[in-house]
Amino acid sequence: MIMAINMRTMRYKNLYAIFVAFMLLLVGNSCEDKIDPVIEELNLARVFTPAGFEAKIVNMTTIELKWDVRDEADHYVVEFSEDSLEFSTIIRTVTVDPSQLPIQETFFGDTRYSARVKAVSATGSGDSKWDALTIRTAPENILLPIVIPDDIGVFGATLKWPAGELATRFVINPGNIQRTITTGEVASGEAVITGLNPYTNYTILMYAGNSQRGNAEFKTLVDPNCATCVKVSAGQDVSDAIAAAAAGSTIVIAPGTYPDEGTIVVNKDLTVQAEFYYTQPTVYAGFSCATTVSSFAVKDVVF
């Protein structure tokens, strides 16, 4: 009786072991079917878009570009346009080898530009999508320093810049006067501005299209031969000139040192100024008003 029970128990154990093994086999086959194969290589339709695309301005008008290099890119194409991310007209295209980064391209000053870059595959897959940015160059000034008095006159001034550098127009203020720059002036790098007023502060901006390329500030000279001017040269008395001048006159004093004349009496409206503002004359004298005077001005003269 005991032996029969043991035999039955052993059969149950064997059947249970077979059942567990069978279930484990089913589970193993089921899990194996759901495991994705290991991906050893990505087959992409195109190269990844360059990451880390950055721009900065170097030396006022040079745009420096850089981005992260990828192994699957053979080279890169960069396009520039003179707008804000519109790229309606491409003004420059550059092919860039990864070893050339960062790249620098020089443009006009005070102008907004947009740049975009794409990667070209080294394996024959499609080009990447574009990445784009926009940046503005700083105002430049290619005008050479004005030499006083050589470049300044009573009614005009001479402006100079490196020969061959492109410029198309001047804007003269006061007056907002537009003055075209000729091809001959561009070739020589020199332009004579005429029609200015005497003893006046001027600002002249130079442009190439809409891009500012230069800025000059100066003052024209006094016209000693004007209808209301009385010129005083070294060796003459300033007091005599003031006494003889009509009301509203301008006493123009040439460079030099004038001896002590004590107190000069003023009884009319006058302007006393230097012939050349950059060479101030020295007059040893003082002033006293014998009557009420509505306007009395002293300019660029040391008393």
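A nonpolar core is taken here as a set of buried Ala, Val, Leu, Ile, Met, Phe, Trp, Tyr and Cys residues joined through side-chain atoms within 4.5 Å, where buried means under 20% relative accessible area, exposed over 50% and partly exposed in between (1.4 Å probe, protein chains only). The structure is a predicted model, in which local features need pLDDT of at least 70 and side-chain atom pairs count only at pLDDT 80 or more, while totals for chains, interfaces and linings use all residues. Residues are numbered from 1 along each chain as its sequence is written, and side-chain values use heavy atoms, with hydrogens and water left out.

The largest nonpolar core has 26 residues, and those with the most contacts inside it are Trp 161, Phe 170 and Met 206. At least two residues of this core come from each of β8 (157-160), β9 (169-173), β11 (190-193), β12 (201-208) and β13 (211-219); strands are DSSP runs (E, at least two residues), numbered from the N terminus. The most is given by β12, with three residues. Beyond its neighbours within four places in sequence, Met 206 is in contact with residues including Ile 142, Trp 161, Phe 170 and Ile 181, contact being heavy atoms within 4.5 Å. A second, separate core of 20 residues includes Val 47, Leu 65, Phe 107 and Val 117.

Turning to charged pairs, the structure holds 13 salt bridges, each a side-chain nitrogen of Lys or Arg within 4 Å of a carboxyl oxygen of Asp or Glu. In one of them, Glu 79 pairs with Arg 116, with the closest N and O atoms 2.8 Å apart. Glu 79 lies in strand β3 (residues 73-81) and Arg 116 in strand β6 (residues 112-121), so the pair ties together parts 37 residues apart in sequence. Both Glu 79 and Arg 116 are buried. Asp 300 and Lys 219 form another salt bridge, at 3.7 Å between the closest N and O atoms; this pair links the segment after β21 to strand β13, 81 residues apart. Lys 219 is buried, at 17% relative accessible area. Glu 140, Glu 165 and Arg 213 are linked in a network of salt bridges.

By the rule applied (cysteine sulfur atoms within 2.5 Å), there is one disulfide. Its partners are Cys 226 and Cys 229, with sulfur atoms 1.7 Å apart. The torsion about their S-S bond is about 90°, so the disulfide is right-handed. Cys 226 is partly exposed, at 24% relative accessible area, whereas Cys 229 is buried, at 16%.

Definitions and conventions:
Helix = DSSP H or I, 4+ residues; strand = E, 2+ residues; numbered from the N terminus.
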